[in-house]
Amino acid sequence: MQTCTKCVLNERFVGIRFNEDGICNFCSSARTMDNQRSIRGKYEAKFEKLIEERKGTGSYDALVAYSGGKDSTYTLHLLQERYDLRILAYTFDNWYQSDRARRNIRAVLSNINVDHMTITPSFEGIKKVVLASMSDDMYSAKAMARASSICTSCISLVRFIGFRLTIEQRIPFLVFGMSPGQAPMATAVVKTNPQMVRTMQDTLLRPLSDRVGDVIRPFFLEERHFDRPEDFPHSVNPLAFADYDEEVIYEIAGRYGWKKPDDTDANSTNCLLNALANQVHLDTFGVNPYAYEIAELVRTGCMTREEGLARLAEPFPAQQIEDVKESLGIQE
Ligand SMILES: [Zn+2]
């Protein structure tokens, strides 16, 4: 099996090619560090200017998707400490939050001045979404390069709940705490509009609702939302332009009472579904769904290649996968 000599992607990855030095096309076309730094600076300046214009215009400045993981905890910290924003955080409870994630959410919220809400769909609805997502033809191969289909379904629910809430409450910034590997730099600060969001919604909602029916409809946008272009938020990923160093992030999250979990697999600090999602993805595509994210963290110097390869080689926790399968009623 050929693996890129610079990052961690191997020959099974969709669209990969290697040059004569064994370097993959994703590494060859990546920006230099200097170039990255200058683009990050531009996005940061853009966000700061928008804050000047929009801060204090509604009851909240930012709606933050809060999973209880280290990255979204660090994002809350940044928005509050660096930008002094009034924040509403929301957590999508997919019924598979780890106990540690639940405790971390309570701990962090008790130490930070942020309003918070939890959205919990019916367990029946979630079960349908997870089971439907395990069918291998649900999303395009390209969409599957960056995340498993189970994660893609969950994240799209989180994303569209965010759109609904920001539009309905006229909150100018919809903020996600995605790592630089999860979100391309181009998504750092984006003004959304009805046309763009409708296209996104169609590609996600259609395959899902074809399989699970109306249970997910309340979490997506309706015509009345699309009729309000002026209330569409800026979508912001601060970790795409802020410094991203896992050790620093662990340390800062720790100041809010956040503790590193020991009850989930290596790549998720908050979701018990992740191990099953990863296993299904690996069985279907022959690639770890975190490969792209880790390759990008290696490429951008946030992680060494050795650390990245070690992370990808860790086995998925078998007992956790069995427990989740049982709860979903999956028979071997
Ligand atoms: Zn590479």
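This is a predicted model: local features need pLDDT of at least 70, side-chain atom pairs count only at pLDDT 80 or more; totals for chains, interfaces and linings use all residues.
Helices (H or I, at least four residues) and strands (E, at least two) are DSSP runs, numbered from the N terminus.

**The zinc site**

- The zinc ion is coordinated at 2.3 Å by the SG atoms of Cys4, Cys7, Cys24 and Cys27, where donors are N, O and S atoms within 2.8 Å of the metal (3.2 Å for Na, K and Ca), and sites may look incomplete because water is not among the atoms.
- Along the chain, the donors of the zinc ion follow the spacing C-x2-C-x16-C-x2-C, and the pair Cys7 and Cys24, 17 residues apart and both in the segment before α1 (25-28), links distant parts of the chain.
- The angles among the four donor atoms run from 104 to 113°, and the site is tetrahedral, a term that for four donors requires all angles to lie between 85 and 135 degrees.
- Cys7 is buried, with a relative accessible area of 0%, and Cys24 is likewise buried at 0%; buried means under 20% relative accessible area, exposed over 50%, and partly exposed in between (1.4 Å probe, protein chains only).

**The parallel strands**

- In strand β1 (residues 62-65), Ala62 and Val64 point one way and Leu63 and Ala65 the other way, and all are buried.
- Strands β1 and β2 pair in the parallel sense over four bridges, with Val64 opposite Ala89 in β2; two strands pair if DSSP finds at least two bridges between them.
- Strand β1 is also joined to strand β4 (residues 173-175) by three bridges, and these two strands run parallel.
- Strand β2 (residues 87-92) runs parallel to strand β3 (residues 115-119), with five bridges between them, and Thr91 stands opposite Thr118 in β3.

**The crossovers**

- From β2 the chain passes through helix α4 (residues 99-110) to β3, in a right-handed β-α-β crossover; right-handed means that, with the strands pointing away from the viewer, the path from the first strand over the helix to the second runs clockwise.
- A right-handed β-α-β unit is also made by β1, helix α3 (residues 70-81) and β2.

**Loop residues with positive phi**

- Asp84, which is not a glycine, has a positive phi of about 55°; Asp84 lies in the loop between α3 and β2 and counts as exposed at 52% relative accessibility.
- Trp95, in the loop between β2 and α4, has a positive phi near 75° although this residue is other than glycine, and at 42% relative accessibility Trp95 counts as partly exposed.

**Helix α10**

- The twelve residues of helix α10 (residues 274-285) should span 16 Å at 1.5 Å a residue, which agrees with the 16 Å between its end C-alpha atoms; the expected span is 1.5 Å times one less than the number of residues.
- The buried residues of α10 include Asn274, Leu276 and His281, and the buried residues of this helix pack against α6 (149-169) and α13 (318-328), where contact means heavy atoms within 4.5 Å.
- Gly286, with a positive phi near 75°, follows α10.

Notes: Residues are numbered from 1 along each chain as its sequence is written. Side-chain values use heavy atoms; hydrogens and water are left out. Four donors count as tetrahedral if all angles lie between 85 and 135 degrees; four count as square planar and six as octahedral if opposite donors are over 155 degrees apart and all others between 65 and 115; anything else is irregular.
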